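Me: Hello! Could you walk me through the model shown here, one question at a time?

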Amino acid sequence: MTRVLIAEDETLIRLDLRGLLEGAGFEVCAEARDGEEAVSLARETEPDVALLDVKMPRLDGIEAARRILDERPIPIVIVSAYGERDIVARAVEAGVFGYLVKPFRENDLLPAIETARARHDELAALREEAESLADALAARKAIERAKGLLMEREGLSEQEAFARLRKASQISGRPLKVVAEALLATLGGEERRF
């Protein structure tokens with residue numbers, strides 16, 4: 001069940017949101033009356049999604065969203081009576097995934113939440129892929145530098161240097177990147193760029 005944090009300073013609206021969400025099968029794990037409380041409750045309850053009003057005491061919803069996202073990326077939907085461009089732009093810049101202008105209906109809220117969750121999942125997958133590609137590139141660079149160092153120091157061909165690295169990896173049971181980095185550190189090749 002999807003766990004939702006609601007941050008809304010108006011009690012009636014907060015209760016309406018809770019009723020809509022619970023009626024649609026969501027679990028409301030926390031309710032905040034201001035932005036500071038929203039940040040604290042997000043940290044404590046670790047919701048799957050957050051709905052934040054913009055105009056709240058102590059800390060506005062956009063700044064609360066920024067702080068929540070800095071600690072733990074989750075899909076956040078802003079629910080506000082204010083639809084001015086500058087407020088929407090601030091929300092987008094903060095990293096929220098949806099924006100609903102009050103008054104709204106259940107038919108508006110649920111698709112906004114599902115869309116925010118889908119976009120959040122896509123972004124998380126892209127970040128993971130980018131990290132994986134960056135790791136692969138770093139490994140490739142270390143292996144290439146290590147091969148170059150072996151070729152220079154040992155007079156080996158590129159194939160022979162790679163075969164030596166691969167054999168060391170198999171014997172040690174360590175990834176090729178780790179072996180290459182160890183070789184570079186040991187032979188002083190870390191400073192060199194091949």
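Me: Happy to start with a helix: which strands does α1 lie across, and at about what angle does α1 run to β2?

Reply: This is a predicted model, where local features need pLDDT of at least 70, side-chain atom pairs count only at pLDDT 80 or more, and totals for chains, interfaces and linings use all residues. Residues are numbered from 1 along each chain as its sequence is written, and side-chain values use heavy atoms, with hydrogens and water left out. Helices (H or I, at least four residues) and strands (E, at least two) are DSSP runs numbered from the N terminus, contact means heavy atoms within 4.5 Å, and angles run from 0 to 180 degrees between N-to-C directions of axes fitted to C-alpha atoms, for helices over the stretch in contact. Helix α1 lies across β1, β2 and β3, and its angle to β2 is about 170°.

Me: Thanks! In which sense do β1 and β2 pair, and over how many bridges?

Reply: Two strands count as paired if DSSP finds at least two bridges between them. Between β1 (residues 3-7) and β2 (residues 27-32), the pairing is parallel, over five bridges.

Me: What is the strand order of the open sheet?

Reply: The sheet is open, has five strands and pairs in the parallel sense, in the order β2-β1-β3-β4-β5. Its edge strands, each pairing on one side only, are β2 and β5 (98-101). Further in, β3 (residues 49-52) and β4 (residues 76-80) share three bridges, with L51 partnered by V77 in β4. To repeat the order: β2-β1-β3-β4-β5.

Me: And α5, which strands does that helix lie across?

Reply: Helix α5 covers residues 106-154. Its direction is at about 130° to β3. The strands it lies across are β3, β4 and β5.

Me: How are α5 and α7 oriented to each other, and why?

Reply: The axes of α5 and α7 (residues 176-186) are 8 Å apart, at an angle of about 50°. Residues in the contact include A142 and L149 of α5 and A180 and L184 of α7. Angles under 35 degrees count as roughly parallel, over 145 as roughly antiparallel, 65 to 115 as roughly perpendicular and the rest as oblique. The two helices, α5 and α7, are therefore oblique.

Me: Finally, where does pLDDT stay under 50?

Reply: pLDDT is the predictor's confidence in each residue, from 0 to 100. The protein chain averages 88, with 96% of the residues scoring at least 70. Where pLDDT is low, the predicted coordinates should not be read in detail. The stretch under 50 is residues 189-194.
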